[in-house]
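Please have the sequence and the model open while I speak.

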Amino acid sequence: SGGTFTSTGTATSNPTLHFNGTAAQTATFTGQPTGPITYRFSNPAGVTLNTNFSTFALGNGTSGGLRISTNATAPIVFGTTVTGFAYNAANSTLTYDATNLSTTARAQEFLSASGPTSLRVDVGANGFLVLPFARTISNTLTMASGDIDISSNSLTLGTTAAAPGTLTYTAGNIRVTTGSFTRWYGTANPTAIVTGVEFYPI
């Protein structure tokens with residue numbers, strides 16, 4: 001519904017701003033929000049963002065980022081002035097959690113440069129996230145539920161042996177055709193999953 005939400009302070013307690021309408025929404029920001037805010041988009045009709053600044057900053061070094069809870073083709077539309085997102089380089093998370101659906105990531109929210117340091121996938125046992133491009137996760141990859149389909153693309157966890165990243169695994173698979181999942185390791189022994197058939201380092 002229409003209305004104005006005004007805040008002159010800085011968010012400090014990991015708040016979530018949730019766009020959960022059912023008809024197309026428009027949100028206008030007259031100043032850059034600050035603090036560890038998570039912007040959640042679950043409106044299947046999409047949300048148009050208008051601003052008076054060009055780059056929309058996400059996260060503040062402790063938390064914050066985007067949460068995509070719909071498999072809409074265009075959950076976020078850039079309107080007036082704003083041209084893109086930029087995630088905090090120290091700590092920021094992109095979450096996909098539209099349950100039991102096929103969701104395709106878009107370069108608009110999953111940037112290759114100035115992108116999220118962490119990715120969380122929680123799309124349900126029958127859901128999967130399609131990554132139609134190559135990406136690197138420098139901090140944490142959380143696989144809570146559902147699969148990640150990278151097909152012919154590449155997904156990398158970590159950036160060096162000194163910064164190998166963290167895999168937090170509960171369920172799901174990484175689907176590939178000719179693509180690859182690459183994980184960095186430090187100097188300590190890697191963790192592994194052992195099944196009755198094979199030994200799989202993760």
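I will go through the strands, then the salt bridges, and then the aromatic rings.

First, a word on how to read what I say: this is a predicted model, in which local features need pLDDT of at least 70 and side-chain atom pairs count only at pLDDT 80 or more, while totals for chains, interfaces and linings use all residues. Residues are numbered from 1 along each chain as its sequence is written, and side-chain values use heavy atoms, with hydrogens and water left out.

Let me begin with the strands, which here are DSSP runs of E with at least two residues, numbered from the N terminus. Two of them are said to pair if DSSP finds at least two bridges between them. As background, the strands of a sheet pair through backbone hydrogen bonds, either parallel or antiparallel.

Please look at strand S14, residues 140-145, where six of the six residues are buried, meaning under 20% relative accessible area, as against over 50% for exposed and in between for partly exposed, with a 1.4 Å probe and protein chains only. Strand S11, residues 118-122, runs parallel to S14 and is joined to it by four bridges, and within that pairing Leu 119 stands opposite Leu 141. S14 is also joined by four bridges to strand S17, residues 166-169, again in the parallel sense, and there Thr 140 has Thr 166 as its bridge partner.

Next comes an open sheet of three strands, in the order S13-S16-S19, with parallel pairing. Strands S13 (135-137) and S19 (180-183) stand at its edges with a single partner strand each, so one side of each has no neighbour in the sheet. From one strand to the next, the twist averages 15°, where the axes are lines fitted to C-alpha atoms and the angles run from 0 to 180 degrees between N-to-C directions. S13 pairs with strand S16, residues 154-157, over three bridges, and Thr 136 has Thr 156 as its partner in S16.

What does Thr 156 touch, leaving aside its neighbours within four places in sequence? With contact meaning heavy atoms within 4.5 Å, Thr 156 meets Arg 135, Thr 136, Ile 137, Thr 182 and Trp 184. Thr 156 has a relative accessible area of 16% and is therefore buried.

I turn now to the salt bridges, of which the structure holds four; the term requires a side-chain nitrogen of Lys or Arg within 4 Å of a carboxyl oxygen of Asp or Glu. One of them joins Asp 97 and Arg 67, with the closest N and O atoms 2.5 Å apart. The two partners are 30 residues apart, Asp 97 being in the loop between strand S9 (93-96) and strand S10 (102-104), and Arg 67 in strand S6, residues 65-68. Asp 97 is buried at 12%, whereas Arg 67, at 27%, counts as partly exposed.

Another salt bridge is formed by Arg 175 and Asp 147, at 3.1 Å from N to O. Because Arg 175 lies in strand S18 (residues 174-176) and Asp 147 in strand S15 (residues 147-151), this pair ties together parts that are 28 residues apart in sequence. Arg 175 is partly exposed at 33%, while Asp 147 is buried at 12%. Arg 175 also lies over the face of Phe 128, 4.4 Å from the ring centre; for a charge to sit over a ring, NZ of Lys or CZ of Arg must be within 6 Å of the ring centre and within 35 degrees of the ring normal.

Finally, the rings: there are eight aromatic pairs, counted when the centres of rings of Phe, Tyr and Trp (its six-membered ring) lie within 6.5 Å, with planes under 30 degrees apart called stacked, over 60 edge-to-face, and the rest tilted. Among them, Phe 29 and Tyr 39 are edge-to-face, at 6.4 Å centre to centre and 80° between the planes. Phe 29 lies in strand S2 (residues 25-29) and Tyr 39 in strand S3, so their pairing ties together parts 10 residues apart in sequence. Both are buried, Phe 29 at 13% and Tyr 39 at 3%. Phe 78 and Phe 85 are edge-to-face as well, because their centres are 5.1 Å apart and their planes stand at 65°.
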